[in-house]
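User: I would like to learn how to read a few backbone and packing features in a model. Please give the general idea each time and then the case at hand.

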Amino acid sequence: MSAARPPEGAHTVAEGEGTPVHAARPPEGAHTAAAGEGTPVRAARPPEGAHTVAEGEGTPVRAARPPEGAHTVAAGEGAPVRAAPGVALVTGASAGIGKQICADLLAQGYEVLALARRKAGIDHPRLHSIEVDLSDASATAQAVRECVERFAPTTIVHNAGAIRAAPLSDVKLDDLDALVDLHLGCAIALVQGALPAMRAQRFGRVVLMSSRTVLGLATRTSYSATKAGMLGLARTWALELAADGITVNVVAPGPIRTDMFYDLVQAGSDKERALAASVPVKRLGEVADVARAVRFFTEPGSGFVTGQVLYVCGGTSIASLVL
């Protein structure tokens, strides 16, 4: 069916890649906000002294003026409204997805603890870089104690990871043990450390960074096994912690353009182009795609979502992927 021609001066926004839809011209003085890369969304001018938050696409909700230095978010009918943001801890924060998550949380007003082997490389007064090898259980435990004593984080994003690719015939149990410590042991240590503060505030957000690889990919025995273990952790913890106001969810990225990706695939190569063409949406993912998913799970208003896995993979979780 053909769509009616928009009024003169109207603008369009992308509903899907290559699918324009018409949006009426906003009233004079209205402003727009980006909901995605290059996708303007009309936002009505809020009443003086109040701000709005999105409850659904295009549905503004009026929120009373928050106390100085904080904002409020509608948590849902009958649910308490919580001032945000607080303190967030992000692992693997020095590059790629982790660094983007840090930048996104800072933009929302969080105090951010960035744990990685190197500094995050973000100059911001609310960013605290903590250099630690998270595959070292004792070093991790010490870093967690310091973070909890100084900051009492109530948002945890465990993004640190390593691959250790090998065909089954060459898999080393030492590699498997190392990834168990990094992907699973570290997650347990982080959440155990933060749990008292979360329970005291009756609020917590935990996001574990898994991978589309849990659905199968050659040469990923140790990686896929430990990343799949994160799904079990999240579903178990979601049940145990729900009554305390703590949610636990998983983001599982597909092929994302990061340093780790380019360690395996040469930039600009035929292999990279072929891989992008094999993704149903016909492109590789960007770190901002993953950060948006993390933002959804960490928002105070997402308290009714727990124990879930969100694949940010361009459709490869329902198709095939060959590296």
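User: Where is Thr219 placed?

Analyst: Thr219 sits in the loop between β13 and α4 (221–241). The model is a predicted one.

User: Which loop holds Arg202, and what is its phi?

Analyst: Arg202 lies in the loop between α3 and β13. Its phi is positive, about 50°, although Arg202 is not a glycine. At 52% relative accessibility, Arg202 counts as exposed, the cut-off being over 50%.

User: Which residue follows α1?

Analyst: Gly109 follows α1, and its phi is positive, near 105°. As for the helix, α1 has 13 residues and spans 19 Å from its first C-alpha to its last, close to the 18 Å expected at 1.5 Å a residue. The buried residues of α1 include Ile97, Ile101, Leu105 and Leu106.

User: Now the sheet. In what order do the strands lie?

Analyst: The order is β11-β10-β9-β12-β13-β14-β15, seven strands in an open sheet with parallel pairing. At the edges are β11 (127–131) and β15 (309–312), each of which pairs on one side only. From one strand to the next the twist averages 15°. Helix α1 (residues 96–108) packs on this sheet, touching β9, β10 (111–116), β11, β12, β13 and β14, and its direction makes about 170° with that of β9. Helix α7 (residues 287–298) also packs on the sheet; it touches β12, β13, β14 and β15, and its direction makes about 165° with that of β14.

User: How many bridges join β14 to β15?

Analyst: Four bridges join strand β14 (residues 246–253) to β15, and the two run parallel. Within this pairing, Val250 has Val309 of β15 as its bridge partner.

User: Are the faces of β12 covered or open?

Analyst: The general idea comes first. In a regular strand the side chains alternate between the two faces of the sheet. In β12 (residues 155–158), Thr155 and Val157 are on one side and Ile156 and His158 on the other; all four are buried, and both faces are covered.

User: Which residues are the bridge partners of Val90 and Thr155?

Analyst: Val90 has Val157 of β12 as its partner; three bridges join β9 (residues 87–91) to β12, in parallel. Four bridges join β12 to β13 (residues 204–209), also running parallel. There, Thr155 has Arg205 of β13 as its bridge partner. The chain gets from β12 to β13 through helix α3 (residues 173–201), and this β-α-β crossover is right-handed.

User: How many aromatic pairs are counted?

Analyst: The count is two aromatic pairs. Phe261 and Tyr262 have ring centres 5.0 Å apart and planes at 80°, so this pair is edge-to-face. Phe261 is buried at 8% relative accessible area, whereas Tyr262, at 25%, counts as partly exposed. Phe296 and Phe297 form a tilted pair, with 5.4 Å from centre to centre and 45° between the planes. Phe296 is partly exposed at 38% relative accessibility, while Phe297 is buried at 3%.

Key:
Residues numbered from 1 in each chain as written. Predicted model: local features only at pLDDT ≥ 70, side-chain atom pairs only at ≥ 80, totals over all residues. Heavy atoms only, no water. Buried < 20%, exposed > 50% of the residue type's maximum accessible area, 1.4 Å probe, protein only. Pairing = 2+ DSSP bridges. Right-handed = clockwise from strand over helix to strand, strands pointing away. Axes fitted to C-alpha atoms, helices over the stretch in contact; angles between N-to-C directions. Contact = heavy atoms within 4.5 Å. Phe/Tyr/Trp six-rings, centres within 6.5 Å; stacked < 30°, edge-to-face > 60°. Expected span 1.5 Å × (residues − 1).
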